[in-house]
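I opened my notebook to look this structure up piece by piece. Here is what I wrote down.

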Amino acid sequence: MLRKLHGWPGLVAALLLLVLATTGVVLSVAPAIERASATIPATGQISVADLAERVVAHYPGTEQIQRSLSGEVIVYYSRDGQPGADLVNPLTGEGIALYQPSAFLRWVKNLHRSFLLDDAGRMVAGGLAVMMLLLCLSGMFLLARRIGGWKAVLKPIAGSGSSRIHAELARFAVIGLLLSALTGSYMSAVRFGLLPEAAAAEPSFPAEVSGGTPAPVNSLIALKNVDASELRELVFPYPDDPSDVYSLNTTQGSGFVDQATGELLQYQPRSAGNQFQHWMIRLHTGEGLWWLGLILGVAALTVPALSFTGIQVWWRRRSTSACLGEGASTEMADVVILVGSEGNTTWGFARDLQKKLNQAGKKVHCAPMNDLAKRYPQASVLFILTSTYGDGDAPSSASQFMTRFEHFQADDGLGFVVLGFGDRQFPKFCQYSLDVDAALSSKGLPQMDFVTRIDRGSAIQFREWGEAIGERMGISLALAHNPAPATTTEFELVERVDYGVAVNAPTSILRFRPVQDRRNLWQVLSFRSRLHLPSFEAGDLFGVAPPEDNTARLYSLASSASDGQLEICVRKQTNGLCSGYLHSLKPGDRITGFIQQNPGFRPAGGATSIILVGAGAGIGPLAGFIRKNTDLSPMHLYWGGRNPQSDFLYQPELGGYLDDHRLTGLNTAFSRSADKAYVQDAIMADETALRQLIEKGAQVLVCGGRDMASGVSQVFDSILKPSHMDVDELRAEGRYLEDVY
Amino acid sequence: MKKILFALGLAAVMTVPGYAQAREVTFSTQLSNYGGDGAYLALYLTDADGKYHETLWISGEKSKYYKHLRDWARGSGLNQAEYDGLTGASVTSGRTQNVTLELDDVMIDAGYQVRVDSAVEDMRDNRSDVVVPLTTEGSGKSIAGRGYVQSFVYNLK
């Protein structure tokens, strides 16, 4: 429901909101520009009487003096019967420039508030403001749910792609957008009479004035009593009309001033309602609050990106949810697949499973977990494929599952398997799938296999799981769903450096560059360089499939696009299909691959100390981070290999990085050397120093095999014990990142 | 363009039917290309000393901006009874507004003045943009305004 509330209005409003946001950005700069050019006397420096005297000295035909909230002072005068308006310096009364409100800004303002369509347009703009308010509120709740509660709202956001960009931007901008939307809605509601309009202080014209000889303006006591900074407007009496008066309008109220006695007449302070309304307008326009104007402008600047990423997320969710059909009925099905999905990615996997089971002759029923039936009389296998939402919660298509499951009757012979989908970067990786698994077990259903947790939609893990389950069911399940059919690029191997052959760990650093292909017309027109590299950073993933197999493996990138080449570090696995293929490449050979972003594995940068930990080929992205560290953030590398003579990967490069301080400290451990040490030992040896670094906010990035990673996290747990911290805590703060395989 | 007929001074017509004669008058106000939003205008009568007598027509629908029609606002006291039923849309830059009304004959050649006050959002207010005596002789003679009004003319029928 919340999601629908966020999605549909967003989609409808996106285009019009773009207009509102873009014009809003332009308008937001105006107060700052006005403020920058205005001369502002200190409070108490000059009174309205002083100001008026100085202005009149230069403009004898002064009719009206206005002060904008930004501090600009404008005089309206008439000279030889001709009206004029000038910006003046409030200190001297001298003219600065002709006052000419910008026609462009006026046009932008009208576009912003009424789409140049007057009242009808204003109504649309008002409606959009309300819609924006809804988007902000529903978005805040969605974001809180996504990252695990309001307390976690400032923590790093896991995930990748447009949904992460959307969440990050929204979190940054939501307060500004909320303020703009709220005040805009209010202004519109007042304009159309939906909210009462506060009565402006409108003192009635004094019935009687002294009618005496006009005194010089600087002698009028009522004007002397008002500081120039409080002035909004002073209208002069008609010359030669003794019955006329000055009308004075200040930030506090308005009234009239007798031109002979200087007495303040009929003064009315602004009502509280009027002040409130005034502030709502100021909070919307940033008038006189140039810094707020800029903040609101920056927030509005995110709207185009939010719209774009929002539509992308919506589209992806929509296109993956197009239903394949439930298949067999609940009564007839011999296999049931229930799907728990938030973003619909899981459906892609479920559909592949459904298809392959159908091919194997099974009658398959496939439905969202929320559609759990009371019983499945014919079924022998219940598959549950589910993602996890936020901090271990049920995804939307499974929100009712646990309640419905209380009434579920398990027939004899029905076994179940749970397959979880998630992202290892989240602290509660696939937590919901574990919960479901436990719930099903506790009801006495036989568990056919342990929960398998698929990390970031890994096609390989999914295929392997299919093989194992197929074997159990006595059928062949060749699952081949690739959730991210990425655009592939052709690369040519330009260089390889081989290590580790002598210690039975052949590891190569492979450097590729994209193949120069003939550019199509579009690329020529868009001035794309001939050597177009897709954008990537060290730590992102490079997907490549060996020729005889179409399931891609992911390798961590050791270079960034700005390095001009794509570098990976690959250890040749025994019987490894893909690593064997990569190791067989000779310079000049070509491969195709794609980039998968992995923004969750990046060093924080800045003054934060970075502790890099890796073993074997896991050094790849770490070396890439160090190469990129031209800002010289303190970086400490702990790396484990086998033998310094054989597989000391990146040895020459690391020496250079130490020399130019891109790398602060290098600690190595070699398991097949005299000390027989592992990287954990190297970490342990530096226990005190590391604990101090982490206490001061250091970030840890670990890359390598799963066993090594779990060993390393245990070591860090023991190191951190004296300071009452642990790895889980660091993980939750985004200070302990892992890229494991 | 608005052509509106309003019987002003109706009360007088009813009380002294034998003496009062109504005259149809058309007021044409052409605005200059001042390059701003629609202008608010107040068309009203004053006596020879500039003292407010009655409202003829107000262009602009938001009464909260009427205070910017300064002389008229002062004279009328922004009293709604003074302008009730005598309002219309604001006038766009460069356009001409025609208002046709029926005036009591006694108002003409009696020392009354026609005045126009004008105001535009974010621009200056013009008190007495136009001041012209209401006389048979002045009918059809165009005069220039000093603010947003480029020219103003009234025609007695």
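I read the elements of chain B from the N terminus on, and they run α-β-β-β-α-α-β-β-β-β-β. That gives chain B three helices and eight strands. I kept in mind that this is a predicted model.

Next I looked up burial in chain B. Buried residues make up 34% of its 157 residues. I then took the contacts in chain B with a separation of 6 or more. Residues 24 or more positions apart account for 67% of them.

I moved on to the contact of chain A with chain B. I noted 13 residues from chain A and 15 residues from chain B. Which elements give two or more residues to the side of chain A that touches chain B? I found strand S3 (82–88) and helix H3 (103–114) of chain A. I also sorted the residues on that side of chain A: eight are nonpolar, three polar and two charged.

Last, I picked one residue, Ala669(A). I found Ala669(A) in strand S22 of chain A, which covers residues 665–670. Is Ala669(A) buried or exposed? I put Ala669(A) down as buried, because it has 21 C-beta neighbours inside 10 Å, and the cut-off for buried is 20 or more.

I listed what Ala669(A) touches, leaving out residues up to four places away in sequence. The list holds Gly640(A), Ala677(A), Tyr678(A), Val679(A), Asp681(A) and Ala682(A). I looked up one of these pairs by distance. Ala669(A) and Val679(A) are ten residues apart along the chain, and 5.3 Å separates their C-alpha atoms.

Conventions. Residues numbered from 1 in each chain as written. Chains lettered and ligands numbered in written order. Predicted model: local features only at pLDDT ≥ 70, side-chain atom pairs only at ≥ 80, totals over all residues. Contact = placed C-beta atoms within 7 Å. Helix = DSSP H or I, 4+ residues; strand = E, 2+ residues; numbered from the N terminus. Nonpolar A, V, L, I, M, F, W, Y, C, P; charged D, E, K, R; others polar. Buried ≥ 20, exposed ≤ 12 C-beta atoms within 10 Å, placed from the backbone.
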